[in-house]
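Subject: Structure handover

Hello,

My notes on its contents follow directly after it.

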Amino acid sequence: MADMLAALRSLMSSHSPPLNALVVPSEDYHQSEYVSSRDKRREFVSEFTGSAGLALITMNEALLWTDARYFLQAAQQLSDQWKLMRIGEDPAVDVWMADNLPNDASIGIDPWCVSIDTAQRWERAFAKKKQKLVHTSTNVVDEVWKNRPPPQINAVNVHALEFAGRSIADKLNDLRERLTQEKVRGIVIAALDEARFFRWVISQSYISDVSYCPVVHAFAIVTPTLAFIYVDQRKLSSEVSGYLKENGIEVREYGVVSADVSLLASNQLGPWEFKEIQSDVSGRTDIGSREDAAKSIKSEAEDGDSINFIWANPGSCCYALYSKLDSDRVLLKQSPLALAKALKNPIELDGLRKAHIRDGAAVVQYLVWLDKQMQEDYGASGYFVEGETLAQKKKLEGKKLMEVTVSDKLESFRASKEKALRASGSGLYPGYALDILARLPLYKDGLNYRHGTGHGIGSYLNVHEGPHSIGGNEPIQASMTVTDEPGYYEDGNFGVRLENVLVVNEADTKFNFGDKGYLSFEHITWALYQSKLIDLSLLMPEEIDWLNTYHSKCRETLAPYLDDAEMAWLKKATKPVCA
C-alpha cells in the first residue's frame with residue numbers, strides 16, 4: 001500500500017501542472033454504481049471493496065469517503081495509511097478540499113470518471129481560493145495498476161420483444177417526441193441502463209461487462225433523424241448488428257464517441273462509412289481528420305438558434321464529453337429515458353412477477369436444505385426449534401458450511417426454476433410521506449437507520465433504478481416498482497433488514513379526496529418470515545393479520561413449484577400465529 005501511494009504521489013509531482021490532490025472515484029466512464037473489475041480503481045488504491053466511496057490522495061494524506069452502509073466495513077479494510085471520512089458526519093469531499101488544500105491548488109481528475117454535476121459543484125466550491133480541477137490526459141491510477149484486468153469481450157444478444165414489451169421503433173419515436181418538446185437537436189446517452197434502451201442485453205448477467213448487471217459498455221447519441229450506438233464491435237454478432245441496422249441505428253466503435261460529440265456540437269454529425277479510425281476505449285487518441293470521415297448534414301431544424309441545444313444528463317454524462325459541447329448550448333436535465341424506464345409496461349411487470357415466484361420457490365427449497373444441514377450435520381438449532389432444546393453440537397472433522405457454500409446452493413435452486421404463475425396481493429398507502437411512516441416505529445424510541453427505505457428496480461436490468469425512491473423528490477406513479485426495506489443496525493452487535501419488492505398500482509378507493517388519485521402496493525416477493533424471530537407481543541392485531549395473510553399467499557403462490565416434503569415444510573413455517 002505504501003509503495004502504491006508513493007508511486008501515485010510521484011506521478012502527481014511530475015504532472016504538468018503538479019497535482020496537489022488526486023481524486024479517485026468509484027464510477028466508470030458511465031457513472032455506474034456497479035463497475036467492471038478493470039474499473040475498480042478506488043478499490044485498487046484503498047483496498048476498500050464497498051460499492052460506494054471516493055478516495056482522495058494528497059501529498060501527505062489519503063482519505064476515503066463512504067456512506068453509512070459501509071462505515072464498519074471501511075474501518076476494517078482501510079490500512080493505517082488511510083483516514084475514513086464518514087459521509088453525513090465529516091465534511092463533504094469538496095468542502096474538505098476547499099478548506100484544506102492551498103490557494104491555487106490543482107486537483108487532478110479523470111474527466112471520464114466524474115459527472116457533469118459533480119465537477120461543476122466542485123468548481124463552485126474551489127472558486128473562492130482559485131483552486132482548479134485539472135483534467136488528466138490519462139488515468140493516473142491506471143499507470144500504476146500493473147495487473148489491471150483486461151476488457152471483457154462478452155457476446156451481446158437482442159432482448160426479445162416478448163420480454164421487452166415494446167419495440168425499439170416505439171421507444172425511439174417517444175424519445176424523439178421529447179427532443180422536439182424540449183427543442184433540442186440531439187441527446188447524449190451515457191448511463192449503461194439507458195443505452196440498454198436499444199433492447200440489447202448480455203445474455204447471462206454473471207458474465208456481463210458488469211457482474212450481475214446485464215448491461216453493455218456503450219454510449220449512444222440520438223437526434224430527430226439519426227441514432228448511433230458506440231460499442232466494442234467484437235461483442236456484436238451479425239444478428240445483433242443486423243437488428244440495429246434494421247432499426248435505423250448505426251454502430252460505431254466505443255472510442256469514437258468523443259469525436260462524434262464534437263461533431264454533434266458543431267451540427268456536423270451524420271452517417272458515414274466507418275474507416276481507418278483508430279482510438280483506444282477512452283476515446284483520447286487522435287482520430288485524424290474527422291471532418292473528412294463525416295458528411296456535413298443540413299440543420300435538422302429550420303430555426304437553428306431556437307433549437308440548437310444538446311441534451312445531457314448531468315448525473316450520468318461524464319465531464320469529458322460535456323467539455324466537447326458548447327456549455328451555453330447544453331440542456332442539463334434528467335434524461336427522459338429515466339422515467340420511461342421506471343414506468344414498466346404490462347409485459348415487464350408480468351416478467352417481474354413470474355421471476356419473483358420462481359425465486360420464492362427457490363428460497364423455500366434452499367431453507368429446507370439449510371434447515372436439514374444445520375440440524376443433522378451440526379446439531380445447531382433449526383428453523384423451528386430453539387437452541388437450548390438441542391443435544392450437544394456434533395463435532396465434524398473436515399466439514400464446514402461456508403457462506404460461499406450456502407450461496408452457491410441457493411443459486412442452484414434458483415437456476416432449477418423454469419415456470420411461474422402470476423402473483424397478486426395489495427396494501428393501501430397514501431402516495432406521500434412513506435419514508436416517515438416506515439421509520440415511525442423507530443423514531444418513537446429515538447432510533448433510526450442510515451439507508452434509504454426503498455428504490456426502484458430494473459426489468460432485467462440493474463438492482464437499483466431511479467429516478468424515484470421512497471421519500472425522494474420524484475413522484476411515485478402506477479406501474480413503477482419499488483423496494484420496501486426498513487431496517488435497524490447496532491454496530492458490533494446485529495443488523496436486521498426486511499426487504500420486499502412491490503409493484504405500484506392505482507387504488508380503488510371509496511372516495512378520491514382532492515381528485516388526486518391513490519396508489520396501492522402489490523407484493524411480488526414471496527419469501528416467508530421466520531416466526532420464531534418475531535416478538536408477537538410488539539405487533540398490533542392488524543399487523544398479525546397482515547403476516548398471516550401474507551404467509552397464506554406464499555403457500556398458495558408457491559405450491560405448484562414445490563414437492564410434497566417442501567410443501568409440508570412451508571406449511572409448518574407459515575402456520576398462522578397469534579399474540
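Cys-113 is buried, with a relative accessible area of 3% (buried means under 20%, exposed over 50%, partly exposed in between, with a 1.4 Å probe and protein chains only). Cys-554 is buried as well, at a relative accessible area of 1%.

On provenance, this is a predicted model, in which local features need pLDDT of at least 70 and side-chain atom pairs count only at pLDDT 80 or more, while totals for chains, interfaces and linings use all residues. Residues are numbered from 1 along each chain as its sequence is written, and side-chain values use heavy atoms, with hydrogens and water left out.

Cys-113 is in no disulfide, and the nearest cysteine sulfur, that of Cys-318, lies 8.2 Å away.

Helices (H or I, at least four residues) and strands (E, at least two) are DSSP runs, numbered from the N terminus. Two strands pair if DSSP finds at least two bridges between them.

Strand β1 (residues 21-25) pairs with strand β5 (residues 106-109) in the parallel sense over two bridges, and Ala-21 stands opposite Ile-107 in β5. β2 and β3 are joined by a hairpin through three residues and pair in the antiparallel sense over four bridges; here Ile-57 stands opposite Ala-62 in β3. β3 and β4 pair in the parallel sense, over four bridges, with Thr-66 opposite Arg-86 in β4.

Strand β3 is largely enclosed by the rest of the structure, because five of its five residues are buried. Both of its faces are covered: Ala-62, Leu-64 and Thr-66 on one side and Leu-63 and Trp-65 on the other are all buried.

Sheet β12 to β14

Another six strands form an open sheet in the order β12-β11-β10-β8-β13-β14, again with mixed pairing. β12 (250-252) and β14 (330-332) stand at the edges with a single partner strand each, so one side of each has no neighbour in the sheet. The twist here averages 20° from one strand to the next. Strand β11 (residues 227-231) pairs with β12 in the parallel sense over three bridges, and the bridge partner of Ile-229 in β12 is Val-251.

Nonpolar cores

A nonpolar core is a set of buried Ala, Val, Leu, Ile, Met, Phe, Trp, Tyr and Cys residues joined through side-chain atoms within 4.5 Å. The largest has 47 residues, and those with the most contacts inside it are Met-97, Ile-107, Trp-122, Phe-219 and Leu-321. A second, separate core of 27 residues includes Ala-195, Ala-218, Leu-236 and Val-240.

Leaving out residues up to four places away in sequence, Trp-122 touches Val-23, Leu-54, Val-93, Asp-94, Met-97, Ile-109, Val-114 and Leu-133 (contact means heavy atoms within 4.5 Å).

Helix packing around α19

The axes of helix α18 (residues 541-558) and helix α19 (residues 564-573) come within 10 Å and cross at roughly 170°. That makes the two helices, α18 and α19, roughly antiparallel (angles under 35 degrees count as roughly parallel, over 145 as roughly antiparallel, 65 to 115 as roughly perpendicular and the rest as oblique). His-551, Cys-554, Arg-555 and Leu-558 of α18 make the contact with Met-567, Leu-570, Lys-571 and Ala-573 of α19.

Helix α15 (residues 346-378) also packs on α19: their axes come within 10 Å and cross at roughly 85°. α15 and α19 are therefore roughly perpendicular to each other. The residues in contact are Val-364, Gln-365, Leu-367, Val-368 and Asp-371 of α15 and Glu-566, Trp-569 and Leu-570 of α19.

Regards

Methods: A disulfide is a pair of cysteine sulfur atoms within 2.5 Å. Axes are lines fitted to C-alpha atoms, for helices over the stretch in contact, and angles run from 0 to 180 degrees between N-to-C directions.
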